[in-house]
Amino acid sequence: MSVPRIAVPIFDYRFQVPATVDAVADFHFQTGILKSLSPPLMLLQVHRFDPLAEGSIGDFTMWMGPVPVHWRAEHKNVSRAGFTDVQVAGPMKRWEHTHRFTAIDANTSEVHEHIEFEHHTGWRGIWSRMLFPKPALLALFFWRSLVTRRAAAKIDRAAHAARSASREH
């Protein structure tokens with residue numbers, strides 16, 4: 001007799017960036033990135049944000065209106081092609097967010113955001129479902145795509161200018 005498997009909710013979001021994978025990775029490896037990626041109406045208090053590396057920690061509080069939501073994540077599988085942040089404390093029963101950066105061509109990349117998550121049961125589950133419905137995740141990642149495109153393109157232009165300047169000398 002087999003035990004029925006409960007499907008884990010998954011959220012996927014992909015977007016293209018007019019920049020190299022290196023520029024996208026450089027942006028994601030910046031220590032202040034979390035505040036940059038937070039929409040203007042989401043107040044974020046960062047308690048600890050280690051430089052992105054295997055086992056590094058991000059510890060912060062998001063303010064959803066007057067309500068603080070504490071979150072602590074550990075980074076795993078860190079490379080220039082992406083990483084995964086795993087919630088070790090926070091509102092969800094389970095949250096694994098994988099960021100993947102793939103080259104489409106020499107000047108364009110794709111960012112793939114893949115989240116596997118589970119809500120708690122009872123009141124905590126009702127609360128987390130209210131905090132993170134699909135429309136809210138879509139809005140958050142749309143904002144993040146705008147910020148990533150702009151920042152990575154700027155990093156890419158600066159790297160190109162530096163390469164051009166070094167060839168002139």
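Ser145 is buried (under 20% relative accessible area, with a 1.4 Å probe and protein chains only), because its relative accessibility is 1%. This residue of the predicted model belongs to helix 4, where helices are DSSP runs of H or I with at least four residues, strands are E runs of at least two, and both are numbered from the N terminus. The side chain of Ser145 reaches the backbone oxygen of Phe142 at 2.6 Å. Ser145 also touches Tyr13 and Phe15, residues up to four places away in sequence not being counted; contact denotes heavy atoms within 4.5 Å.

Helix 4 also supplies six residues to the lining of the largest pocket, the largest share. A pocket is an open set of points on a 1 Å grid over the protein atoms alone, with protein on both sides within 12 Å along at least five of seven lines, and lining residues have an atom within 4 Å of a point. Of its 31 lining residues, Leu34, Phe60, His97, Leu140 and Arg144 are the closest to the centre. Elements that each supply at least two lining residues include helix 2 (33-36) and strand 4 (67-79).

Strand 4 also contains Asn77, which has a positive phi of about 50° although it is not a glycine. Most residues other than glycine have a negative phi.

Residues are numbered from 1 along each chain as its sequence is written. Local features need pLDDT of at least 70 and side-chain atom pairs pLDDT 80 or more, whereas totals for chains, interfaces and linings use all residues, and side-chain values use heavy atoms, without hydrogens and water.

Key
1 Å grid on protein atoms, 1.4 Å probe; cavity = no way out; pocket = protein on both sides within 12 Å on 5 of 7 lines; lining within 4 Å. Buried < 20%, exposed > 50% of the residue type's maximum accessible area, 1.4 Å probe, protein only. Polar contact = N/O pair within 3.5 Å; in protein donor to acceptor, adjacent residues only side chain to side chain.
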